[in-house]
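Dear colleague,

I am passing the structure below on to you. My notes on what was found in it follow.

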Amino acid sequence: MKMSSEKTCCPIELLCEFRQNPIHIDEKHPRLSWKIKDPRNNAKQTAYQIAAATSLSALKYNPDLWDTGKIKSSDSFDIEYAGKPLASRMTVYWKVKVWDLNGAESVWSETAKFETAFLKTSDWKAEWIGLKQKENEPLPCFKREFTLKDNPVKAKLYITAQGLFEASLNGRRVGEDYFTPGWTDYNKRIHYMVYDVTDLLYAGKNAADVMLGNGWFSGRLGWAKQRNCYGKQLSLLCQLEVTYKDNSTETIVSDSSWKGCSGPLIESDFYDGESYDANREIGKGTKWKQVSVFPPPKAIIMAKPNIGVQRQEELTAVKITEPAKGVYIFDLDQNMVGWARLRIRGNRKNDKITIRFGEMLNADGTLYTINMRSAKVTDTYICRSSEETVWEPKFTFHGFRYIEISGLRKKPGKGDVTGVVLHSGMPSTGKFECSDPAVNRLQQNILWGQKGNFLEAPTDCPQRDERLGWTGDAQVFARTACFNRDVASFFEKWGSDIDDARFPDGAIPHVVPDVLRKKDGTQDPNAGAAAWADAAVICPWTVYLCYADKRILERSYETMKGFVEWRVKTSKNFIHSRACFGDWLAIDMEGSECGRTPTPRDLIATAYFARTAEIVAKAAEIIGKSADAKRFTSLHNKIREAFNREFVAPSGLLVGDTQTSYLLALGFNLLSGRAKERAVERLVSNLEKRNWHLSTGFVGTPLLAPVLSAVGRSDISYKLLLQNTYPSWLYTVANGATTMWERWNSWTKEKGFGDASMNSFNHYAYGAIGEWMYATVAGLDLDPEIPGYKHLLLHPTPGEGLTHAFAELKTRHGTAFSGWKITGNKITYKFTIPANTYATILLPGEKAIERGAGEYTFTKSFNRR
């Protein structure tokens, strides 16, 4: 038997369902993954063996759950557990070894584990409890004291709520997550959290405390000031399971033995903010009430599949101003999402401190808040004493760069306020950098826009009375999101939300979760809007491409298929017209009503009809539905023919003759021959007439640079990227943007602020240019036929205006790198291809070459034009 040393080849970074040693698994066949560590060129896995057991000793000597034996395969992720059936509360220890390209066997990996949660509804012994409160009464808190006979060797807390919860045991906060259990359609699906709380408990008397907040369940959602989208009654479900060293167990559950009270949170809302009265903090004088027990909801209760919202980083002020006496404004120098932590010194009992938030300042230095519309975006704190206090909210978040504080008796310093950045957990994966500082700032703006809006759902904006999961924004940005961060489980969760939100006929709503749905359940006549509803197809497909996640296609397929079939039923001669948003916020729609843009709505809708039919055909083939694949391929061909009949003139011009018209036709491969050539000519002519400025909106902008590069005009893509006059990406950078703006004219030198009724300064959709920067400028791309970066396409495209660029991406196989640098009359290209992958390298003017894993450098002569 050939054996390789650990230094040459070994499996590392073992994961289960995208997580390291998770304790929340409620999948009966969880997926296991690893990477290969092997520094040798052409390193590749040719086989693997997985062992799984119920104990470490069994894993070492006789795996009692699963032993695959040697499996000849280079697959290293999403291997479904196929051992003995899993049970609830089970700990599974597992390890893997691999065989390399030469047939040498590695040592076993370090041991990993996963723990199952509740695999059956009957595992829940707890009851839903709450307080029957009057409207506008302070938010409820709950308490349960209990005695443990000994120190536990293991303790798990399973907990959820209708509303938000924050739990503590013996005065110590449980977990690192915020706004738990998160945002779903509470009427259909509620997530629960699992925490290891062994270190928070001890022998003798213990106390569990839980505070509830309104959050998405009963707080404001949408601009119509609606509340209670999912219900009015906040309630708690929790189950604490303790194991002692003698293997005996004890369970403490939420039931009628718990006590409740109205706590210090007077108000708590995502839009309006939080009001906290420290005089009402729980203590000896607290009056406790008997809780009520409620029947369980009809919704599915399941473990949360993605990482929750967590603290990510902290920002300190760079400047303090005082635009009015006693009113202080802190500038964090970065538009962010989260809350402000405040240190209060020198105040007195019952003093009220008011904290307001804004993204920009007015010309007179005061806080710009008119763009928040009806959202109050205000936190208040009422002091209990004159002692120094540090306070931060619990159940609200804001989008802001500036923090305004009034009510302080002592002039604050920069260190008295901290911006706490919050967003859903999504590990950093991508990095792009180039020689132009403005483009690097643009990349940071794209990233901050993603961080600020990927909070439980991919929202449009994080600050005003909206913050909804607009499908169109997510669809156009999905690929860029997958470069910047690991969003596989984030989109898996949101994919379930889309499944829950779809209408019975297959149409998809504008926002997911769908809080805009009419109370009587009737369907919005504009549901299924092109480029928005298509997220139901395009987002799962994008996740599949970037992570080779076949399961997301399997689970999303009925929704994907149903949506395209709905389009068939609602189209006429394969022409569809449902595109109420048009090319949203395009420059050539200024002053126009929603959807009444020069780019025809039926052209947009039919182009997306073709695109989604094509994707569903491919997805069907991948998951083994060959009959569907043939049917949707035929449908795609018919739509393509109809598109050309309806929208392409004999001269080759497209109806509308806009940048977006040509971008859709070219980007979705709807043209051929002379029609395609003519479309390229007209697109270039349009751009040139505008002195190399775009006129596109949410629909056209993401396609702009990629399409131009695909037709051999990367030179124009570079002109557009580096353009710094209005309208352009770098115009916003030149005017101080630290996130992506909603509109090209959110602020201009000539007119100041744009229309305040819709003027977000943290709106990531136009950040979709990031995809092209990674994949084309730096040249780090994937092969859609062999997804998940198993086969990398390394095609760097140097362009005028830059002297170097590189991209780095932590793929599921390992870190890939593609970059170039011009020095004098030489250009040097560098590439890193991770173990167990291979790449096709295509340098400008050269023939493509194929290389296996390793690091490669090429130096070529470079002729400056």
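How many aromatic pairs does the count come to? The count comes to 49 aromatic pairs, where rings of Phe, Tyr and Trp (its six-membered ring) pair if their centres lie within 6.5 Å. Tyr276 and Tyr381 form a stacked pair, because their ring planes stand at 5° with the centres 5.8 Å apart (stacked means planes under 30 degrees apart, edge-to-face over 60, and tilted the rest). Since Tyr276 belongs to strand β21 (residues 273-277) and Tyr381 to strand β31 (residues 378-382), this pair ties together parts that are 105 residues apart in sequence. Strands (E, at least two residues) and helices (H or I, at least four) are DSSP runs, numbered from the N terminus.

Please note that this is a predicted model, in which local features need pLDDT of at least 70 and side-chain atom pairs count only at pLDDT 80 or more, while totals for chains, interfaces and linings use all residues. Residues are numbered from 1 along each chain as its sequence is written, and side-chain values use heavy atoms, with hydrogens and water left out.

The average pLDDT (the predictor's confidence in each residue, from 0 to 100) is 96 for the chain, and 98% of the residues score at least 70. Residues 1-6 have pLDDT below 50; this stretch has 15 contacts (heavy atoms within 4.5 Å) beyond near neighbours in sequence.

In helices α5 and α6, Ala488, Phe491, Trp494 and Ile498 of α5 meet Ala535, Ala536, Cys539, Val543 and Tyr547 of α6.

Yours sincerely
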